[in-house]
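Please look over the sequence and the fold shown here before reading on. The paragraphs that follow go from single residues to the whole chain.

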Amino acid sequence: MGATVIVENRAGAGGTMGTTFVARSTDHNALLFTAASHNLAPSLYRSPGYDPIKDFSGVAYVGNAGFVIAVPGTLGVDSLRDYIKAIKAKPGELNYSSAGNGGATHLTRASFLANVGGKMQHIPMKATGDAINEVLAGRTQGTAAAVPAIIGFKNDARIKMLAYTGAKRSPLLPDLPTAAEAGAPGYKYDTWFGILAPKSMPREEIDKIHAAMDKVLADATVQARLTRLGIDAEQMSVEAFDSLLRKDFDAAGPLVKASGANIE
């Protein structure tokens, strides 16, 4: 780009503070790197400070990542089909841990239960590591975690990985079947990653940044790095990304409602 890029991490309120800052930017120099949680905020917060669709334009889609459905080794199930049977045999009696109420790991599990017609108690923790620890200790009967967070336990007898929630298998865990393959037909849950710009940014600026990102994402070193992070890199046009954003936004509200998640 021939320009200096400053990465500013604006944490707080589930990412809505940083997102609102970019939405209100008018100098055409602010971009937002975000994930699918961008579309969830209006359903989780009374006043997130921005409209995911009206205030933003898609610039560059980066890729997506699914989650691993895992259970304690002591649960005695060896497949996702067995797990589904165990859940249905004791509706509401088993529980699962997540990295927090309304987060991606919570919604992964909630959407999975909705797909298979099961009912479990949700135990929200403060972070993914805490949620995994609850499974390792056998205090919860399942969790969902990003591949990089859980892959270190692949050979640990205390935990059993049953399926990956992406549309295709993770390159980091090629032997782990997708949930659709393993017993939940039609089920898929992943999170996208991408760059957005304020709606006020001119299309010529968006096209310039998009072209630069296309070159970046075609770089083998960048692709390898994204794979190590559990992200399946993919390129798409600005129009295709905008279409994805609208479709994802339309699905976000019903998903949050079905999960029972509420931050405020």
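In which helix is the place of Ala-179? Ala-179 sits in helix H7, which covers residues 179-182, where helices are DSSP runs (H or I) of at least four residues, strands are DSSP runs (E) of at least two, and both are numbered from the N terminus. The model is a predicted one, in which local features need pLDDT of at least 70 and side-chain atom pairs count only at pLDDT 80 or more, while totals for chains, interfaces and linings use all residues. Residue numbers start from 1 along each chain as its sequence is written, and side-chain values use heavy atoms, with hydrogens and water left out.

Ala-179 has a relative accessible area of 0% and is therefore buried, a class that means under 20% relative accessible area, with exposed meaning over 50% and partly exposed the range in between (1.4 Å probe, protein chains only). If residues up to four places away in sequence are not counted, Ala-179 touches Leu-80, Ala-163, Tyr-164, Ala-184 and Tyr-187, where a contact means heavy atoms within 4.5 Å. Tyr-189 is 10 residues from Ala-179 in sequence, and the two C-alpha atoms are 9.3 Å apart in space.

One of the residues that Ala-179 touches, Tyr-164, belongs to strand S6, made up of residues 159-164. Tyr-164 counts as buried because its relative accessible area is 6%. Its contacts, leaving aside neighbours within four places in sequence, include Ala-65, Gly-66, Phe-67 and Val-68, as well as Val-147 and Gly-230. Also among them are Arg-169, Ser-170, Leu-176, Pro-177, Thr-178 and Ala-179. The C-alpha atoms of Tyr-164 and Asp-190 are separated by 9.5 Å, and these residues are 26 apart along the chain.

Helix H4, residues 104-116, can be followed next. From its first C-alpha to its last, H4 reaches 18 Å with 13 residues, which is close to the 18 Å expected at 1.5 Å a residue, the expected span being 1.5 Å times one less than the number of residues. How many of the 13 residues of H4 are buried? The count is 10, and H4 is thus mostly covered; among the buried residues are Thr-105, His-106, Arg-109, Phe-112 and Val-116. Just after H4, Gly-117 takes a positive phi of about 75 degrees.

A positive phi also occurs at His-28, where the value is near 65 degrees and the residue is other than glycine. His-28 lies in the loop between helix H1 (16-23) and strand S1 (32-35), and it is partly exposed because its relative accessible area is 33%. Another loop, the one between helix H3 (80-89) and strand S3 (95-98), holds Glu-93, which counts as exposed because its relative accessibility is 57%. Glu-93 and Thr-16 are 77 residues apart in sequence and 34 Å apart in space, C-alpha to C-alpha. Ala-212, by contrast, is in helix H8 (residues 203-217) and counts as partly exposed because its relative accessibility is 22%.

The whole chain can now be considered. The protein has 10 helices and 8 strands, and 46% of its 264 residues count as buried. Why does the radius of gyration agree with a compact globule? A compact globule of 264 residues would have a value near 18 Å, and the protein has 19 Å; the radius is taken over C-alpha atoms, and the globule rule is 2.2 Å times the number of residues to the power 0.38. Along the principal axes, the C-alpha atoms fill a box of roughly 55 × 40 × 30 Å. Of the contacts between residues at least 6 apart in sequence, 75% join residues at least 24 apart.
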